[in-house]
Amino acid sequence: MYHRSTPGSRLPCATQTPMEIVMSPNKACPVVLSHSSAPRILLFRHPQAGVQLVKGTIEAGEAPALAALRELREESGIETATVVSDLGCWNAEHLDQVWSFHLCEVDIPLPEQWTHQTLDDHGHAFAFFWAPLDDLPLAECHPVFRRALKYLVAATRPIAGKAGLAGDWAGAALRLNPEQSRSSLTPRG
């Protein structure tokens with residue numbers, strides 16, 4: 001999947017205009033939102049790199065949406081998800097990464113929190129949890145994940161509105177909680 005974009009922009013993957021630069025995503029990021037009254041997003045704590053979204057490399061010949069489902073399965077243990085919407089591509093401005101975001105729905109109820117032992121990424125245990133979109137733990141994230149979450153807050157605003165989750169949560173999600181401390185974290189590749 002390709003999209004045309006100027007560096008640093010955030011456009012849907014299918015957007016194409018002749019005067020812009022062609023970008024191809026190399027990372028897939030499944031996005032899972034809760035069905036609770038206040039919108040929440042699925043995140044995890046990496047034991048060495050802080051709070052993150054599920055994200056991984058799109059393999060040669062693999063469609064970004066299928067890569068998103070594979071990464072969700074490998075990193076969280078969720079095997080019953082489907083992609084319901086393409087949330088666009090985003091230039092991470094980090095290690096030449098272009099992320100392709102995919103809104104996923106899960107067919108089974110998920111717990112409030114759980115730990116998944118990965119088979120890749122050196123066999124780390126990832127601690128999953130739901131974060132309110134109006135109170136994201138941005139200070140616990142590497143800057144690239146902070147920027148990605150800010151993008152997702154804007155990208156999911158119309159979806160949350162359609163699902164009856166509308167409210168003024170989007171602006172609030174971009175503020176750091178003053179009690180959270182900054183740290184230097186390294187995201188996974």
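Predicted model: local features only at pLDDT ≥ 70, side-chain atom pairs only at ≥ 80, totals over all residues.
**The largest nonpolar core**

Next I looked up the largest nonpolar core, which holds 27 residues. Which of them touch the most other members? I got Leu53 again, along with Ile41, Leu43, Trp99, Phe101 and Leu136. Then I went through the elements that give two or more residues to this core: the strands are β3 (27-32), β4 (40-46), β7 (81-91), β8 (98-106) and β10 (125-132), and the helix is α2 (143-162). I also wanted to know which element gives the most. That turned out to be α2, with eight residues.

**The four-stranded sheet**

I traced an open sheet of four strands and wrote down the order β6-β3-β8-β7, with mixed pairing. Its edge strands are β6 (56-57) and β7, each pairing on one side only. For β7 and β8 I checked the sense of pairing, parallel or antiparallel? They run antiparallel, over nine bridges. Within that pair of strands, I found Trp90 standing opposite Trp99 in β8; Trp99 is the residue I had already listed among those touching the most other core members.

Helix α1 (residues 64-76) came next. I see α1 lying across β3, β6, β7 and β8, and its angle to β3 is about 65°.

**β9 and β10**

I then turned to strand β9 (residues 113-117) and sorted its residues by face. Trp114 and His116 make up the covered face, while Gln113, Thr115 and Gln117 make up the uncovered one. β9 pairs with β10 in the antiparallel sense over five bridges. Opposite Trp114 I found Phe128, in β10.

**The second largest pocket**

Last, I looked at the second largest pocket and logged a volume of about 160 Å³. How many residues line this pocket, and which lie nearest its centre? I have 14 lining residues, with Leu33, Ser34, His35, Leu110 and Trp130 nearest the centre. β8 supplies the largest share of the lining, three residues.

Key
Residues numbered from 1 in each chain as written. Heavy atoms only, no water. Core = buried A, V, L, I, M, F, W, Y, C linked by side-chain atoms within 4.5 Å. Buried < 20%, exposed > 50% of the residue type's maximum accessible area, 1.4 Å probe, protein only. Pairing = 2+ DSSP bridges. Contact = heavy atoms within 4.5 Å. Axes fitted to C-alpha atoms, helices over the stretch in contact; angles between N-to-C directions. 1 Å grid on protein atoms, 1.4 Å probe; cavity = no way out; pocket = protein on both sides within 12 Å on 5 of 7 lines; lining within 4 Å. Points joined across faces, edges and corners; volume = space filled by probe spheres on them.
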